[in-house]
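We will go from stop to stop, selecting as we go.

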Amino acid sequence: MSNATHYDVIIIGSGAGGGTLAYRLAPSGKKILLLERGDYVRREKANWDPTLVNVEGRYQTREHWYDSDGKPLHPHTNYYVGGNTKFYGAALFRLRREDFGELTHHGGVSPGWPITYEDMEPYYAQAEELYEVHGQRGEDPTEPPTTTGYPFPAVSHEPRIQELNDDLRGLGLQPFHTPLGVRLDETNAEQSKCIRCNTCDGFPCLLHAKSDAHVLCVEPALRYPNVTLQRNALVQKLETDASGREVTGVLVESNGETTRYSADIVVSACGAINSAALLLRSANDKHPRGLANGSDVVGRHYMGHTNSVVMAISKCPNPTVFQKTLSLNDFYFGSKEWPFPMGHISFVGKLDAATLRAGAPAIAPGWTLEAMAQHSLDFWLTSEDLPDAENRVTLNQEGEIMLSYRPNNQEAHEQLKKRLEYALNHITCEIHGTCHQGLFARSLFLGQQIPLAGVAHQNGTIRFGHDPATSALDINCKAHELDNLYVVDSSFFPSSAAVNPGLTIIANALRVGDHLLDRLSAASSTKVSRQNNEPASVETER
């Protein structure tokens with residue numbers, strides 16, 4: 001094992017959390033090492049091939065985790081520069097204001113956060129600007145208060161989706177434009193990076209036109225000479241000093257060799273599952289249950305949402321290319337008929353016959369898969385799952401990841417499906433009358449149950465809070481028990497809400513980034529003062 005240079009900051013992971021944090025810290029001049037276990041996504045025609053991407057899983061990790069029964073589990077996740085943002089659908093929602101407080105659900109209670117929506121709001125605005133979010137304020141009935149408009153106009157609906165929008169409004173519902181991180185200029189198609197293709201959601205963008213962490217954060221950060229990216233660098237373990245209060249070593253395996261790095265500040269941003277696994281794997285005499293785990297919450301309270309993809313087959317064709325432009329939150333907090341939160345309705349990218357074959361949907365009588373793909377509206381439904389201490393990440397005797405998960409709050413999701421089906425059944429068209437033929441479930445995850453293998457919305461395994469007895473991180477996402485360890489991914493979530501976690505991860509990375517800039521600035525001022533034999537000033541400026 002070799003020893004490498006010391007850094008001011010080491011960030012482990014280059015996705016929504018780590019990549020954004022590197023971007024925030026880069027102008028500081030501090031020496032930053034960004035460690036990514038994967039490589040760049042290779043730009044190739046296969047990027048846009050549905051069979052290679054969706055059926056064969058060309059870009060998914062080949063590793064296996066294990067479920068609570070010890071059975072192999074193939075996680076549908078990706079290890080590349082930019083993390084899972086290279087493949088996400090780029091729907092970038094703020095959590096609702098109420099999501100930061102305690103909410104009563106049919107299946108239990110969703111706990112409040114130790115910070116408020118108002119604490120996060122300015123960082124949401126910055127995140128929307130940084131990730132070039134397109135949207136329209138004032139349409140979403142659950143939209144939280146904002147200080148700014150969206151930086152870019154909403155992505156327009158294609159005719160079939162516009163027709164659905166109008167039909168839903170005719171029923172008294174309030175559909176709205178999905179806030180999307182795509183680099184689209186509809187006023188200047190010739191110069192627009194995004195071309196509104198049908199290979200966006202779940203695909204890497206061959207044109208670098210998706211607002212992902214690689215394109216918008218990592219590459220700009222690397223223009224600073226103080227920032228270094230090491231690819232194909234898998235962090236195996238974190239070491240501490242004898243007191244257990246400081247991380248002193250980051251053990252990295254790369255190209256068959258192990259190198260030990262050190263830094264004043266170490267940030268784990270590997271994703272909620274891998275960050276928890278890293279802390280558990282780093283157990284030592286001072287931290288026998290894993291780093292930062294005196295409270296025994298590390299790995300616990302895993303959440304991933306209750307998600308479904310359902311197809312609404314209609315007699316009218318759906319020739320839409322870029323489908324993911326419409327959302328519905330009318331039932332997010334409940335309804336008069338069912339007064340509990342149900343969740344969020346939106347769209348996935350347009351499904352094709354090849355992808356449908358992999359998901360093995362129920363086939364409507366008289367329809368082929370090809371015909372279903374041509375006539376389907378492909379909805380994504382998300383309901384909040386509640387934190388359960390027994391839903392957790394652990395390690396087996398070989399140090400491999402085990403993911404135990406028992407679904408909860410399921411009735412909310414069933415009620416959400418019923419509301420969607422009711423709405424569609426009450427839409428008529430001039431040609432066919434009752435146009436929709438029903439909802440057909442389709443598993444995106446090749447036979448695995450959502451969310452066990454579908455871990456795109458993973459969160460909650462290293463929760464933050466004020467009390468070290470019930471949380472692993474403080475409100476700045478620093479470990480209670482270590483002075484220089486931070487976690488900046490979705491691990492810190494105390495609850496999952498019912499919208500995509502991406503924008504909240506990004507906003508929080510910017511928030512923690514400001515805290516770290518203050519800390520690094522104070523440390524530099526103290527160092528200079530000591531060198532000059534002068535007392536450090538109480539207040540410092542960035």
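**Stop 1: a strand and its partners**

This is a predicted model. Select strands S3 (residues 65-67) and S20: they pair in the parallel sense, over 2 bridges. Now pick Asp-67. Its bridge partner in S20 is Leu-403.

S19 runs antiparallel to S20, and 4 bridges join the two. Click Arg-392 to find one of the partners: Ser-404 in S20. Then step into the hairpin of S19 and S20, where 5 residues lie between the strands. Stop at Gly-399, which takes a positive phi near 80 degrees.

Are the faces of S20 (residues 401-404) covered or open? Both are covered. Ile-401 and Leu-403 are buried on one side, Met-402 and Ser-404 on the other.

**Stop 2: helix H9**

Select residues 410-425. This is helix H9, with 16 residues. From first C-alpha to last it reaches 23 Å, close to the 22 Å expected at 1.5 Å a residue. Colour its buried residues, among them His-413, Gln-415, Arg-419 and Leu-420.

**Stop 3: Ser-262**

Go to strand S14 (residues 257-268) and pick Ser-262. Its relative accessible area is 15%, so Ser-262 counts as buried. Show side chains: a polar contact of 2.7 Å joins Ser-262 to His-6. Leaving aside neighbours within four places in sequence, Ser-262 is also in contact with residues including Tyr-7, Ile-10 and Thr-248.

**Stop 4: salt bridges**

The whole structure holds 24 salt bridges. Start with Lys-86 and Asp-212, whose closest N and O atoms are 3.1 Å apart. This pair links distant parts of the chain, 126 residues apart. Lys-86 sits in the loop between strands S4 (72-73) and S5 (103-105), and Asp-212 in the loop between strand S10 (180-181) and helix H5 (213-221). Lys-86 is buried at 2% relative accessible area, and Asp-212 is buried at 1%.

Next, select Arg-160 and Glu-163. They form a salt bridge, with the closest N and O atoms 3.4 Å apart. Why are they about one helical turn apart? Because they are 3 residues apart in helix H4 (residues 159-170). Arg-160 is buried, at 7% relative accessible area, whereas Glu-163 is partly exposed, at 32%.

Within it, zoom in on Glu-128 and Arg-137, which meet at 2.7 Å, N to O. Both of these residues are buried.

Note on methods. Residues are numbered from 1 along each chain as its sequence is written. This is a predicted model: local features need pLDDT of at least 70, side-chain atom pairs count only at pLDDT 80 or more; totals for chains, interfaces and linings use all residues. Side-chain values use heavy atoms; hydrogens and water are left out. The expected span of a helix is 1.5 Å times one less than its number of residues. Buried means under 20% relative accessible area, exposed over 50%, partly exposed in between (1.4 Å probe, protein chains only). Two strands pair if DSSP finds at least two bridges between them. A polar contact is a pair of N or O atoms within 3.5 Å; within protein, one must be able to donate a hydrogen and the other to accept it, and residues adjacent in sequence count only if both atoms are side-chain atoms. Contact means heavy atoms within 4.5 Å. A salt bridge is a side-chain nitrogen of Lys or Arg within 4 Å of a carboxyl oxygen of Asp or Glu.
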